[in-house]
Amino acid sequence: MAVYTPFQAQPPTFHNRSLGRDRPCHQEFPVPLVPMRILLDHAAANSYGLAAFNVNNMEQIQAIMEAAKETDSPVIVQASRGARVYSQDAYLRHLMLAAAELYPNIPIAMHQDHGNSPKTCKSAIEQNFTSVMMDGSLAEDGKSPATYDYNVQVTADVVKAAHPVGVSVEGELGCLGSLESGEGEQEDGHGAVGKLDHSQLLTDPAQAEDFYHKVKVDALAVAIGTSHGAYKFSRKPDGAVLAMDRIIEIHRRLPNCHMVMHGSSSVPQEIQDMINKYGGKMKQTWGVPVEEIQLGIKHGVRKVNVDTDNRMAITAAIRKVFAGTPEKFDPRDYLKPARESMQAVCKARMISFGQAGNAGKIKSVTCKEFAKSYS
Ligand code: G3H
Ligand code: 13P
Ligand code: ZN
C-alpha cells in the first residue's frame, strides 16, 4: 500500500472509483474514512446510537473531532447539498482527510445528507464520501412528496452504484414535517412544501418492511413528526406530535434494520436563552428531548441527525463575544469560543447516545474491503 505522509508535496494518485482518471482516493490511504455501515453494525451489536453531525467548514469538523477524541467516539460527519456548494467538494474532501490523518484512532464515516437524486449521490461517491442518503421521499426538487414507486426506483438505483464500491446507503420513507402544523420545515431549503396529511408525515411500518427488503438499504430514515431547524414543536413533545410508537413498531417488524432519526436536535433551552440574552431574537421553541432519542436507540435507531443544536451553539458563543467585546475584530476571537461551544454539544450527544468509549473497539475497514460483504 502506498503511504501518504502529511507533508508530501503531491499526494499519490490512485485510480478513482468512477471518474475514470487518476486522483487521490481515500480507499488507499493508511487512515481511510470507513463505510458508515460498519459503524451502524457496531452500534447495533452494542446497543448504542451515533450522532451524525452536519458540517460546512473547518471549525465544525474540528469541534466534532475534538469531542470524539475526548470521548473515544466513532464519528459520522455529514454534508448536505447546500454544504457541498458552500464549502466546495475539494475543500470538504481534504478537510475530512485531514481529520482522518490527525485522529487515526477514530473511525470516521463521511455521509451525503439528503441526496435529492441518484446524480447527487453518485457525485458524492466520486468525491470519496463513504455513505450517501438518497432521500426519495421527496422528488428531485427537494420539495414535492414523491410516490412510493419513485422512491423505490431511485433508491435502488443508488444502492446499485454504491454497494459494489462498499459505500453505504440511507433511504427515507415518509416525509419529515410537523404533525402539529402539517408542514415541513423550509428554513434550510430542503423539505416538503404545503400541507401534508398524517399518512405522508408518518412512516407506514408495513411499507417500511417492503422497502427494506426490496431496496436493501443500510439505514432507513423514518418520519415520526420531526422536522429540520429550530421550530419543531410548540410545546414539549408528547406522543401526539412525536410518534416514537412508529419506531417501536418498525423495530418489532425489522429488528435488524438500522433506523435514522432526522430533525433530532434538542434545541436546548439554555442555548435559546443565551442567543436571546446577547441580542438574538429566537421565538420560544422545543426540540426532540434526549430521553426520546434514547428510547429510539433502545428500539433500533442507530443514527441521529443533529445540525441545529450546533448551529445555535456557535451563534450563541459568537453573539456573546460580539456583545461583550465589541472592539474585537480578529475572527479567531469568536471562532475559537464558537468551536468550543459546538464541541461541548457534540460531546454531550456522544455521551448520551452511547457512542462514547467505542472508537477504539471498532476495526476499521476500507470501502474497498467492505464491498465484498455485499456480493
Ligand atoms: O438537512 C438538514 C441539515 O440541517 C442541513 O441543512 O441544507 O442548510 O445545509 P442545510
Ligand atoms: P436538526 O435540524 O434537528 O439538527 O436536524 C438535522 C438533520 O436532520 C439533518 O439531516
Ligand atoms: Zn435531515
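Modeller: The account below begins with the helix pair and then turns to the ligand shell, selected residues and the whole protein.

The model is a predicted one. The pair in question consists of helix H10, residues 269–277, and helix H12, residues 308–324. Two packed helices are described by the angle between their axes and the distance between those axes. For H10 and H12 the angle is about 35°, and the axes lie 8 Å apart. The crossing of H10 past H12 is left-handed. On the H10 side the contact is made by Ile271, Met274 and Ile275. These residues meet Met312, Ala313, Thr315, Ala316, Arg319 and Lys320 of H12. Sorted by class, the contact of H10 with H12 comprises 6 nonpolar, 1 polar and 2 charged residues.

The next part is the shell of ligand 2. It contains 13 residues, the closest being His262, Ser265, Asn305, Asp307 and Thr308. Strand E5 (108–115) and strand E10 (301–306) each contribute at least two residues to this shell. By class, the shell around ligand 2 holds 10 polar, 2 charged and 1 nonpolar residues.

Ala43 belongs to H1, which covers residues 36–45. Ala43 counts as buried because 24 C-beta neighbours lie inside 10 Å, where 20 or more are required. Leaving aside residues up to four places away in sequence, Ala43 touches Tyr48, Gly49, Leu50, Arg302 and Gln355. The C-alpha atoms of Ala43 and Ile362 are 9.8 Å apart, although 319 residues separate the two in sequence.

Ser47 has a positive phi of about 55° although it is not a glycine. Ser47 has 10 C-beta neighbours inside 10 Å and therefore counts as exposed, the limit for that class being 12 or fewer.

Gln88 sits in the loop between helix H3 (81–87) and helix H4 (89–102). Gln88 is classed as exposed because it has 10 C-beta neighbours inside 10 Å. Ala90 is found in H4. With 9 C-beta neighbours inside 10 Å, Ala90 likewise counts as exposed. From Ala90 to Gln127 the C-alpha distance is 7.8 Å, across 37 residues of sequence.

Finally, the whole protein. There are 14 helices and 10 strands in the protein. Its radius of gyration is 20 Å, close to the 21 Å that the globule rule gives for 375 residues, so the protein is as compact as a globular protein of that length. The C-alpha trace spans about 60 × 55 × 35 Å along its principal axes. Buried residues account for 50% of the 375 residues. Of the contacts with a separation of 6 or more, 75% join residues 24 or more positions apart.

Note on methods
Residues are numbered from 1 along each chain as its sequence is written. Chains are lettered from A and ligands numbered from 1 in the order in which they are written. This is a predicted model: local features need pLDDT of at least 70, side-chain atom pairs count only at pLDDT 80 or more; totals for chains, interfaces and linings use all residues. Helices (H or I, at least four residues) and strands (E, at least two) are DSSP runs, numbered from the N terminus. Two residues are in contact if their C-beta atoms, placed from the backbone, lie within 7 Å. The radius of gyration is taken over C-alpha atoms; the globule rule is 2.2 Å times the number of residues to the power 0.38. A residue is near a molecule or strand if its C-beta atom, placed from the backbone, lies within 6 Å of it. Ala, Val, Leu, Ile, Met, Phe, Trp, Tyr, Cys and Pro count as nonpolar, Asp, Glu, Lys and Arg as charged, and the others, Gly among them, as polar. Axes are lines fitted to C-alpha atoms, for helices over the stretch in contact, and angles run from 0 to 180 degrees between N-to-C directions. A crossing is left-handed if the near helix is turned anticlockwise from the far one by less than a right angle, and right-handed if clockwise.
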